[in-house]
Amino acid sequence: MTRFLWILLFMIAFGAHASAQTNASPLSIGETFTIDSRVLNEVRRINVYMPPGYAESTKQSFPVLYMPDGGIAEDFLHVAGLVQVSVGNGTMRPYVLVGIENTERRRDMTGPTLNATDKKIAPRVGGSAAFRRFIRDELMPEVKKRYRVTPESAIVGESLAGLFVLETFFLEPDLFDTYIAFDPSLWWNDHKMVDETSTKLRSNPRSNKTIFIVSSGEDTAEFTQRFADILSQHSGFDIRLHYEKMPREKHSAIYHPAALKAFRAVFAPVATRGK
């Protein structure tokens with residue numbers, strides 16, 4: 001084959017590739033914005049998915065589902081997809097999904113600990129109070145300013161993020177209406193949260209809150225079971241508790257199947273609840 005023919009074939013192939021690139025369009029599933037956080041002293045990226053029906057209506061407002069681990073390379077895409085499908089098939093009310101992308105996950109998701117092993121999981125831990133303040137004082141007001149949202153809100157998290165969800169329920173129960181935790185890391189700080197659950201509820205009872213907890217088949221399930229058992233004993237405080245065991249699921253794979261169960265249970269359209 002002559003050199004000229006090689007060059008000609010290369011030009012044809014390159015031209016076809018360039019044409020394909022020219023005809024391509026960006027694929028968008030939502031919006032991204034940043035907050036220059038004074039609380040955390042860093043810039044935080046926020047990913048937002050608007051549910052079916054949001055764009056078509058200029059007057060309707062929607063509740064908000066907040067999620068730590070909400071980066072594009074984290075759990076945001078599959079949860080956004082689950083919201084889209086669930087709203088579309090009528091098994092879930094439409095929610096605006098707000099994903100908080102991580103910078104130092106193990107710092108933000110954990111409270112203080114006295115356990116030496118806990119402290120080894122990251123250079124910095126114990127920053128959950130500041131992260132919660134960021135959500136309350138900076139993120140929530142920004143979401144309310146940018147989007148048509150109602151006062152109703154929920155939070156969902158898995159593992160250490162699940163720990164953060166339940167810690168928030170105890171320390172600032174009025175921040176959200178619904179708390180969803182998958183395989184929460186209740187072993188943190190020698191399972192102190194579990195040990196103090198009953199005392200905290202008696203001294204400062206929570207009411208009109210929904211909690212959905214899921215455990216996998218791994219060892220940490222014993223703490224989740226104890227926690228759920230204690231909560232169930234305080235049903236007089238109007239805590240709507242749902243505890244789901246998924247023993248066949250591994251910790252690393254529980255998020256998606258657990259979220260499907262949770263969203264159908266706690267976000268079901270009013271007309272279908274209880275059916």
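Modeller: Of the chain's 275 residues, 47% count as buried. Keep in mind that this is a predicted model. The chain has eight helices and eight strands.

Colleague: What makes Phe33 count as buried?

Modeller: Buried means under 20% relative accessible area. Phe33 has 6% relative accessibility, so Phe33 counts as buried.

Colleague: How do you know whether Tyr147 is buried or exposed?

Modeller: The cut-off is again under 20%. Tyr147 is at 7% relative accessibility and therefore counts as buried.

Colleague: How many aromatic pairs are there by the ring rule?

Modeller: The count comes to 13 aromatic pairs. In one of them, the ring centres of Phe33 and Tyr147 are 6.5 Å apart and the planes stand at 40 degrees.

Colleague: Why is the pair of Phe33 and Tyr147 called tilted?

Modeller: Planes under 30 degrees apart count as stacked and those over 60 as edge-to-face, with the rest tilted. The angle for Phe33 and Tyr147 is 40 degrees, so the pair is tilted.

Colleague: Which parts does this pair tie together?

Modeller: Phe33 lies in strand E1 (residues 31–37), while Tyr147 is in the loop between helix H4 (128–146) and strand E5 (149–158), so the pair ties together parts that are 114 residues apart in sequence. Ring pairs also link Tyr66, Phe169, Phe170, Phe176, Tyr179 and Phe227 into a cluster.

Colleague: What makes Arg148 a charge over the ring of Tyr54?

Modeller: For Arg, the rule asks for CZ within 6 Å of the ring centre and within 35 degrees of the ring normal. The charged end of Arg148 sits over the ring of Tyr54, 4.1 Å from its centre. Arg44 lies over the face of Phe134, at 5.9 Å from the ring centre.

Colleague: Where does Thr178 lie, and why does Thr178 count as buried?

Modeller: Thr178 is in strand E6 (residues 178–182). Its relative accessibility is 7%, so Thr178 counts as buried. Leaving aside neighbours within four places in sequence, Thr178 is in contact with Ser153, Ala154, Ile155, Thr210, Val266 and Phe267.

Colleague: Why is Ile29 called partly exposed?

Modeller: Buried is under 20% and exposed is over 50%, with partly exposed in between. Ile29 has a relative accessible area of 38%, so Ile29 is partly exposed. Ile29 is found in the loop between helix H1 (3–23) and E1.

Colleague: Which residues form a nonpolar patch on the surface?

Modeller: Ile29, Ile72 and Leu77 do, with about 240 Å² of accessible area together.

Terms used: Residues are numbered from 1 along each chain as its sequence is written. This is a predicted model: local features need pLDDT of at least 70, side-chain atom pairs count only at pLDDT 80 or more; totals for chains, interfaces and linings use all residues. Side-chain values use heavy atoms; hydrogens and water are left out. Helices (H or I, at least four residues) and strands (E, at least two) are DSSP runs, numbered from the N terminus. Buried means under 20% relative accessible area, exposed over 50%, partly exposed in between (1.4 Å probe, protein chains only). Rings of Phe, Tyr and Trp (its six-membered ring) pair if their centres lie within 6.5 Å; planes under 30 degrees apart count as stacked, over 60 as edge-to-face and the rest as tilted. Contact means heavy atoms within 4.5 Å. Patches are made of residues with over 30% relative accessible area and no salt bridge: like charges are joined within 9 Å, nonpolar side chains (Val, Leu, Ile, Met, Phe, Trp, Tyr) within 5 Å. Accessible areas come from the Shrake-Rupley method with a 1.4 Å probe; for residues, only the protein chains shown count as cover. A salt bridge is a side-chain nitrogen of Lys or Arg within 4 Å of a carboxyl oxygen of Asp or Glu.
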